[in-house]
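Take a look at the model below.

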Amino acid sequence: METIWTVIAVLIVLILVGLLLSWVKIVQQAEALVIERLGAYQATWGVGLHFKIPIIERVAKRVDLKEQVVDFPPQPVITKDNVTMQIDTVVFYQITDPKLFCYGVANPIMAIENLTATTLRNIIGDLELDQTLTSRETINTKMRASLDVATDPWGIKVNRVELKNIIPPAAIRDAMEKQMKAERERREAILRAEGEKKSTILVAEGNKESAILEAEAEKQSAILRAEAEKEKRIREAEGEAEAILKVQQANADGIRFLREAGADEAVLTMKSLEAFEKAADGKATKIIIPSEIQGIAGLAKSLIEVGTEK
């Protein structure tokens with residue numbers, strides 16, 4: 001009998017401990033508990049220790065307050081120029097009001113997905129294909145603003161929306177690849193033409209510079225040749241003048257020696273004539289002889305003729 005009562009006491013203690021544990025709730029960081037009392041919203045518990053009334057109160061929902069990411073599958077959209085493409089999006093959201101999140105919409109994730117698809121179709125419908133492919137940032141901004149306003153009554157804040165992938169039709173992709181190939185070939189041709197143009201300009205400038213250098217060298221060579229010819233003529237003239245001077249000096253020395261030896265005037269005159277002859281050296285066509293020497297020369301000729309007659 002005592003064993004039965006012991007078992008019953010243990011069971012009662014366990015039940016009381018279970019009830020006590022069910023009364024106590026510990027809320028973790030970045031979490032919130034939505035509490036209902038008799039089926040109606042009672043409170044939102046934040047981080048810390050809380051006590052719940054058994055049976056009367058219950059935890060309606062445990063809400064994660066951290067930023068969350070949801071990746072939606074590709075959605076078919078039609079551009080302004082009637083091109084159908086597939087676009088998948090990624091939405092970054094955060095729950096700001098656990099009460100509205102619990103009671104604002106039945107299935108928040110599905111609601112966000114449908115709202116994202118509708119908003120994306122509205123935005124892409126106003127853009128052409130080229131604008132869609134080049135305006136991702138604009139589309140992301142517009143979608144974030146629209147979704148943030150639409151999800152605000154649900155206690156959800158949309159922080160960022162990204163177009164993960166844009167998949168145009170296969171024919172459009174082929175045309176785009178051909179266009180990109182043609183554009184690359186055009187740029188390559190432009191670069192090649194610019195390179196050839198620069199090369200031609202550099203060659204022309206090099207030829208011009210070479211011609212200028214050659215002309216300058218030829219000019220400098222002509223100047224040097226002229227200076228060399230001038231120097232040659234000056235030296236030749238100086239040599240001839242020096243030779244004449246030496247001849248005259250030698251004649252003068254001879255006449256002086258004759259005078260010192262007592263030679264008469266006729267001998268001196270003859271020596272003078274010989275000096276003039278050497279001075280002319282066969283190059284002069286006319287020699288001017290002083291009158292005194294002419295008289296003496298005539299006398300010498302007469303004496304020669306008299307001697308011949310005898």
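## Glu 57 and its neighbours

Glu 57 touches Ile 35, Glu 36, Arg 37, Gln 42, Trp 45, Phe 51 and Lys 52, leaving aside residues up to four places away in sequence. Contact here means heavy atoms within 4.5 Å. This is a predicted model: local features need pLDDT of at least 70, side-chain atom pairs count only at pLDDT 80 or more, and totals for chains, interfaces and linings use all residues. Residues are numbered from 1 along each chain as its sequence is written, and side-chain values use heavy atoms, with hydrogens and water left out.

Is Glu 57 buried or exposed? Glu 57 counts as buried, because its relative accessibility is 6%. Buried means under 20% relative accessible area, exposed over 50%, and partly exposed in between (1.4 Å probe, protein chains only).

The side chain of Glu 57 also makes a polar contact with the side chain of Arg 37, at 2.3 Å. A polar contact is a pair of N or O atoms within 3.5 Å; within protein, one must be able to donate a hydrogen and the other to accept it, and residues adjacent in sequence count only if both atoms are side-chain atoms. Glu 36 lies 21 residues from Glu 57 along the chain, yet their C-alpha atoms are separated by 5.6 Å.

## The sheet around it

Glu 57 sits in strand β5. Strands (E, at least two residues) and helices (H or I, at least four) are DSSP runs, numbered from the N terminus. Three strands form an open sheet in the order β3-β2-β5, with antiparallel pairing. β3 and β5 (57-64) are the edge strands, each pairing on one side only. Two strands pair if DSSP finds at least two bridges between them. Strands of a sheet pair through backbone hydrogen bonds, either parallel or antiparallel.

| Strand pair | Bridges | Residues standing opposite |
|---|---|---|
| β2 (31-37) and β3 (40-45) | five | Arg 37 and Ala 40 |
| β2 and β5 | seven | Val 34 and Lys 61 |

β2 and β3 form a hairpin with two residues between the strands. There, Leu 38 takes a positive phi near 55°.

## A helix elsewhere

Now turn to helix α3. Its buried residues include Pro 108, Ala 111, Ile 112 and Leu 120. The buried residues of α3 pack against β7 (75-78), β8 (84-95), α2 (98-103), α4 (129-134), α5 (136-151) and β9 (156-167).
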